[in-house]
Amino acid sequence: MNARDELTRRLALKRRRKLGSLSDDAFRELELAVRKRPQDFVDDDEEQAFALVARALGQMEESRHDDDLLDDEQYAQERRRRFDRLAAACEQALSLDPTCVDAALLRLLAADEAPDDLLARQIELQTQLDDELGSVSVPAAGDAWSDVFLRPRLRLQACIAQTCLSTARYRMAQERCCDLLAKAPLDALGARLTCALAMARLED
């Protein structure tokens, strides 16, 4: 997940809606301005929440630079601290936007639960979002990934498929991947690989 790029795109698209029609060149200039100072373009709780998630992911990535210098115990302690910081940031994001999918998903992952428990919570989250927001539909462009605002929902679906695979629910993993590929056939999330691995295990 390139959170900074997605944040830039989201903010630029929302600002274009407010400004009205812009030429392609003007929109590119707008995107450059947003990339330089995204905080100047955050003007609703939804994007404030996403910005918090993007910042937390960036900090988590930066904190990994010295991992090779840690022994196993030190690494385990540092990993737990990272997850705790990520969970706290996600809680803050969700207090601003309870439907921030990335924050909800990352909070589940940061809890570091057993795979079976994680899967149950992921499916519960997807069901809740489908009830509140409706299911993901394919836009006119033909690939839901082209809509940056749908990407969090697609990431959740891909994570569910991967957790199905890791818990030996191969048929469920295959079905989830096929559904994801029907919505996002360009496969930015690697669903074909997950599906192939599940199908290989089904043939064993």
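Here is a short chat about this predicted model.

Me: What should I know before I start reading numbers off it?
Reply: It's a predicted model, where local features need pLDDT of at least 70, side-chain atom pairs count only at pLDDT 80 or more, and totals for chains, interfaces and linings use all residues. Residues are numbered from 1 along each chain as its sequence is written, and side-chain values use heavy atoms, with hydrogens and water left out.

Me: Ok, how many helices and strands does the chain have?
Reply: There are 9 helices and 0 strands. Those are DSSP runs numbered from the N terminus: helices are H or I with at least four residues, strands are E with at least two.

Me: And what box do the C-alpha atoms fill?
Reply: Roughly 55 × 45 × 30 Å, along the principal axes.

Me: How much of the chain is buried?
Reply: Buried residues are 41% of the 204. Buried means under 20% relative accessible area, exposed over 50%, and partly exposed in between, with a 1.4 Å probe and protein chains only.

Me: Switching to Glu 47, where does it sit?
Reply: Glu 47 is in helix α3, which covers residues 45–62.

Me: Why does Glu 47 count as buried?
Reply: Because its relative accessibility is 0%.

Me: So which residues is Glu 47 in contact with?
Reply: Leaving aside neighbours within four places in sequence, Glu 47 is in contact with Leu 7, Arg 10, Leu 11, Lys 14, Val 42 and Phe 149. Contact means heavy atoms within 4.5 Å.

Me: What about contacts across the whole chain?
Reply: Of those between residues at least 6 apart in sequence, 62% join residues at least 24 apart.
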